[in-house]
Amino acid sequence: MNLHLKIWRQQNANSKGKMVDYPISGVESDMSFLEMLDVLNESLINKGEEPIAFDHDCREGICGTCSLMINGEPHGPDRLITACQLHMRKFKDGDTIVIEPFRAKAFPVIKDLIIDRTAFDRIQQAGGYISVNTSGNTVDANAIPIEKHKADEAMDAATCIGCGACVAACKNASAMLFTSAKVSQFSLLPQGRVEATERVQNMVRQMDLEGFGNCTNTGACEVECPKGISLENIARMNREYLMATSKG
Ligand code: SF4
Ligand code: FES
């Protein structure tokens, strides 16, 4: 396939970026999207040009780093996959593909397609943990009975990989889907109830401090989430927050 790529180039966080055109030929349909970018970068390096900076690690949908806006959709046109799981068979010869970083005030561009997602880390650090007594009286987690459907729901919430597609998809750049998944994975389990009141308040406070927008129930986050994180998590977090704040 011959393709026409339009890619966001930006030297650093303080410089002004712009879209740059890159024609590419010889793209095979069984290449992954990131392999296609590798081929482009190899040709840029061979020409003495600076390669395009993009994030990636696992290349199998686990780490959440390969956050790319592809033709206006976070992670591209397929549902329930990350950009690294997208294959070039999804495109056809002659296509134009627009590739940008995820855009949100709380996700500043570091370089080209790489964004700073440490805002998510700070939300996690604000409450995404449980405290365990390790003084010798620790209860084996398997000794605590948990209803099957609760365990399943907690596991579903825990599959969030922190990619940020929910933020990029939202017209308000809201991080409610991410934060609610992180709150839910604990609040559904008995081990997570001990600190539930502080957790939801601290994580929501940090989310607001980072500059993410408000949720207006558009639902674009759920549609674009590669892990199928449900809006039910946002409803659960709102209930948790209401209960926590009404306790004072
Ligand atoms: S909720 Fe979905 S889209 Fe948002 S960070 Fe988690 S995995 Fe990514
Ligand atoms: S590179 Fe890890 S999820 Fe895509």
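Biologist: What should the 15 residues of helix α9 (residues 232–246) span at 1.5 Å a residue?

Modeller: The expected span is 1.5 Å times one less than the number of residues. For α9 that should be 21 Å, and the end C-alpha atoms are 21 Å apart, which agrees. Helices here are DSSP runs of H or I with at least four residues, strands are runs of E with at least two, and both are numbered from the N terminus. This is a predicted model: local features need pLDDT of at least 70, side-chain atom pairs count only at pLDDT 80 or more, and totals for chains, interfaces and linings use all residues. Residues are numbered from 1 along each chain as its sequence is written, while chains are lettered from A and ligands numbered from 1 in the order in which they are written.

Biologist: Which residues of α9 are buried?

Modeller: A residue is buried if 20 or more other C-beta atoms, placed from the backbone, lie within 10 Å of its own, exposed if 12 or fewer, and partly exposed in between. In α9 the buried ones are N233, I234, R236, M237 and E240. Seen down the helix axis, they fall within an arc of 160 degrees (taken from the directions from axis to C-beta atoms), so they line one face of α9. The face turned away carries the exposed residues R239, L242, T245 and S246.

Biologist: Which residues come nearest to ligand 1?

Modeller: Near means a C-beta atom, placed from the backbone, within 6 Å. Of the 14 residues around ligand 1, the nearest are C160, C163, A165, C166 and C225.
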